[in-house]
Amino acid sequence: MTQDELKQAVARAALDYVAPRLDRDSVIGVGTGSTANFFIDYLAEVRNDFDGAVASSEATAERLKQHGIPVYDLNTVSELEFYVDGADETNDRLELIKGGGAALTREKIVAAVAKTFVCIADESKRVDILGAFPLPVEVIPMARSHVGRQIVKLGGDPVYREGVVTDNGNIIIDIHNMDLSRPVDAEERLNQIVGVVTNGLFARRPADVLLLGTADGVRTIK
Ligand code: 5RP
């Protein structure tokens, strides 16, 4: 199977996982990226069975609306049963690196509100130790150099992601070669740097369920 076919398989599995648990009042959190896009396309099949969605990016909001799925401001929603999103890396504890698509801050906010975070990923994303994928950090633009220097002190190599402005008007620094063997610790240290909005480690709040696309089918890991 190609990587896209694996992504489609986990997106379909996510729909099968959440759809029976939705009712006409349910609002669902939806992530960003190519795997999440497949999920959105499947979600459209059941759009009359739930109320609407909260999007983790402008791109996701646009795609949901194109399918006729109402998109709500998170502040108007009291409860999110599910958040469904992809990842750039996952370990066996369902700790993640996210933010390859620069949507990490809104993704982390929506994930924080959701009762159940369902991560959907093809098997190329599974690693023993996080960090081969450069860790994205969203940064207030005027703090770029300061944050870069602090990242170097923590042992990472910061690389400014040229030409990218987040939906929040900020920039992205990708951290290469940092020791992420203790992900919760690394997440907290990076968030303490003044000027960092958030970082793409989802370790303090990992996924609850991972639907992993493999050549032998979709594995459910909790
Ligand atoms: C966007 C993300 C995505 O979930 C992550 O980059 C995975 O993307 P894809 O499903 O296209 O492989 O965190 O900020």
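Biologist: Which residue does the UniProt annotation "active site" cover?

Modeller: In this predicted model, the annotation falls on Glu107, and it comes from an unreviewed UniProt entry. Glu107 lies in helix H4, which covers residues 104-113.

Biologist: Is Glu107 buried or exposed, and how would I tell?

Modeller: One counts the C-beta atoms around a residue, and a residue is buried if 20 or more others lie within 10 Å of its own. Glu107 is buried because 31 other C-beta atoms lie within 10 Å. Leaving aside its neighbours within four places in sequence, Glu107 is in contact with Gly31, Thr32, Ser56, Asp85 and Lys98.

Biologist: How do strands of a sheet pair, and what is the order of the strands in the open sheet here?

Modeller: In general, strands of a sheet pair through backbone hydrogen bonds, either parallel or antiparallel. The open sheet in this model has 6 strands in the order S2-S1-S3-S6-S12-S13, and the pairing is mixed. Strand S2 (52-55) and strand S13 (217-221) stand at the edges, and each has a single partner strand, so one side of each is left without a neighbour in the sheet. From one strand to the next, the twist averages 20°.

Biologist: How many bridges join strand S6 to strand S12?

Modeller: Strand S6 (residues 114-122) and strand S12 (residues 209-214) run parallel and are joined by 5 bridges.

Biologist: Which strands does helix H1 lie across, and which does helix H3 lie across?

Modeller: Helix H1 (residues 3-18) lies across strand S1 (27-30), strand S3 (80-85), S6, S12 and S13, and runs at about 155° to S6. Helix H3 (residues 58-66) lies across S1 and S2, running at about 160° to S2.

Biologist: What do the buried residues of H2 pack against?

Modeller: Begin with the residues themselves: in helix H2 (residues 34-43), the buried ones are Thr35, Ala36, Phe38, Phe39, Ile40 and Leu43. These buried residues of H2 pack against H1, S1, H3, S3 and S6.

Biologist: How many residues surround the ligand, and which elements give two or more residues to the shell around the ligand?

Modeller: The ligand is surrounded by 17 residues, of which the closest are Gly33, Thr35, Gly86, Gly100 and Gly101. The elements that give two or more residues to this shell are H2 and H4. By residue type, the shell around the ligand divides into 4 nonpolar, 9 polar and 4 charged residues.

Conventions
Residues are numbered from 1 along each chain as its sequence is written. This is a predicted model: local features need pLDDT of at least 70, side-chain atom pairs count only at pLDDT 80 or more; totals for chains, interfaces and linings use all residues. UniProt positions are given in the numbering used here, feature names are shortened, and annotations may be inferred rather than shown by experiment. Helices (H or I, at least four residues) and strands (E, at least two) are DSSP runs, numbered from the N terminus. A residue is buried if 20 or more other C-beta atoms lie within 10 Å of its own, exposed if 12 or fewer, and partly exposed in between; C-beta atoms are placed from the backbone. Two residues are in contact if their C-beta atoms, placed from the backbone, lie within 7 Å. Two strands pair if DSSP finds at least two bridges between them. Axes are lines fitted to C-alpha atoms, for helices over the stretch in contact, and angles run from 0 to 180 degrees between N-to-C directions. A residue is near a molecule or strand if its C-beta atom, placed from the backbone, lies within 6 Å of it. Ala, Val, Leu, Ile, Met, Phe, Trp, Tyr, Cys and Pro count as nonpolar, Asp, Glu, Lys and Arg as charged, and the others, Gly among them, as polar.
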